[in-house]
Structure formats: structure tokens, C-alpha cells
Amino acid sequence: MEEFDQSLSDKPNFMLWLPYMSMIEILLDLIRADKDSNWILHLEAFTEMLPWLTIYYHTNFARCGPVSLADIKLLEKTAPGVHLGF
């Protein structure tokens, strides 16, 4: 998350909005990655999203996300042709 003015942290609503802004930033990275066909940015944003899935009780995604990410990282060895497509 970008640096913010310390005086903002004194505002009661700011600490409620900070996690929301972090999640929106991740989603915008995912959208930009898909629009630009940027596979590396997609993987980075997906990795950043995993803790939020756990925090907000998306248990199926939180459980399958790391497994999917590990499979994707092994794609170069297991399926080089598919990896080249990405």
C-alpha cells in the first residue's frame, strides 16, 4: 500500500478503509494484468490476494489458491508447451 499521511491514521474511519483500499489495489492489478496479458503481474497479484481470502473466510479459495499457485509455478517443468502459451 502506498505511504499515507500519519494524520489520517487518527481518523476513526481510516483504519476501516485501509484494508478495503489494499484489496481494491490488488483487484486493479489483476484487471491490468489481464488487459495487458501480463502473466507475471497476474501471479504477483494472485499471491497478494491469498491472505485476504483467508481473512475474509473464503475457505475454498484460501485452501485451493496456494495449491493452484504451486501448480502454476511448476508449469514450466510439467507442461512446457502450455507455459509458453502464457
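The structure is a predicted model, in which local features need pLDDT of at least 70 and side-chain atom pairs count only at pLDDT 80 or more, whereas totals for chains, interfaces and linings use all residues. Residues are numbered from 1 along each chain as its sequence is written, and side-chain values use heavy atoms, with hydrogens and water left out.

**The whole chain**

Begin with a cartoon view, where you will find five helices and zero strands, helices (H or I, at least four residues) and strands (E, at least two) being DSSP runs numbered from the N terminus. Of the 86 residues of the protein, 21% count as buried; buried means under 20% relative accessible area, exposed over 50%, and partly exposed in between (1.4 Å probe, protein chains only). The protein exposes about 6800 Å², with carbon and sulfur atoms supplying 63% of that area, as computed by the Shrake-Rupley method with a 1.4 Å probe, where for residues only the protein chains shown count as cover.

**The core**

Next select I26, L30, L43, A45, F46, M49, L50, L53, A62 and L69, the ten residues of the largest nonpolar core. The elements giving two or more residues to this core are α1, α2 (39–55) and α3 (59–73), and the largest share, six residues, comes from α2. A nonpolar core is a set of buried Ala, Val, Leu, Ile, Met, Phe, Trp, Tyr and Cys residues joined through side-chain atoms within 4.5 Å. Now centre the view on F46, which touches L30, G65 and L69 when residues up to four places away in sequence are not counted.

**Along helix α1**

Select W17 and Y20, which both lie in helix α1, three residues apart, about one turn of the helix. The structure holds two aromatic pairs, and W17 with Y20 forms an edge-to-face pair, 5.4 Å centre to centre with 80 degrees between the planes. Rings of Phe, Tyr and Trp (its six-membered ring) pair if their centres lie within 6.5 Å, and planes under 30 degrees apart count as stacked, over 60 as edge-to-face and the rest as tilted. Y20 counts as partly exposed because its relative accessibility is 42%.

Then pick D29, which forms a salt bridge with R32, the closest N and O atoms being 3.2 Å apart; a salt bridge is a side-chain nitrogen of Lys or Arg within 4 Å of a carboxyl oxygen of Asp or Glu. D29 and R32 are separated by about one helical turn, because they are three residues apart in helix α1. D29 counts as buried at 16% relative accessibility, while R32 is partly exposed at 42%.

M23 counts as partly exposed, because its relative accessibility is 22%.

Key: Contact means heavy atoms within 4.5 Å.
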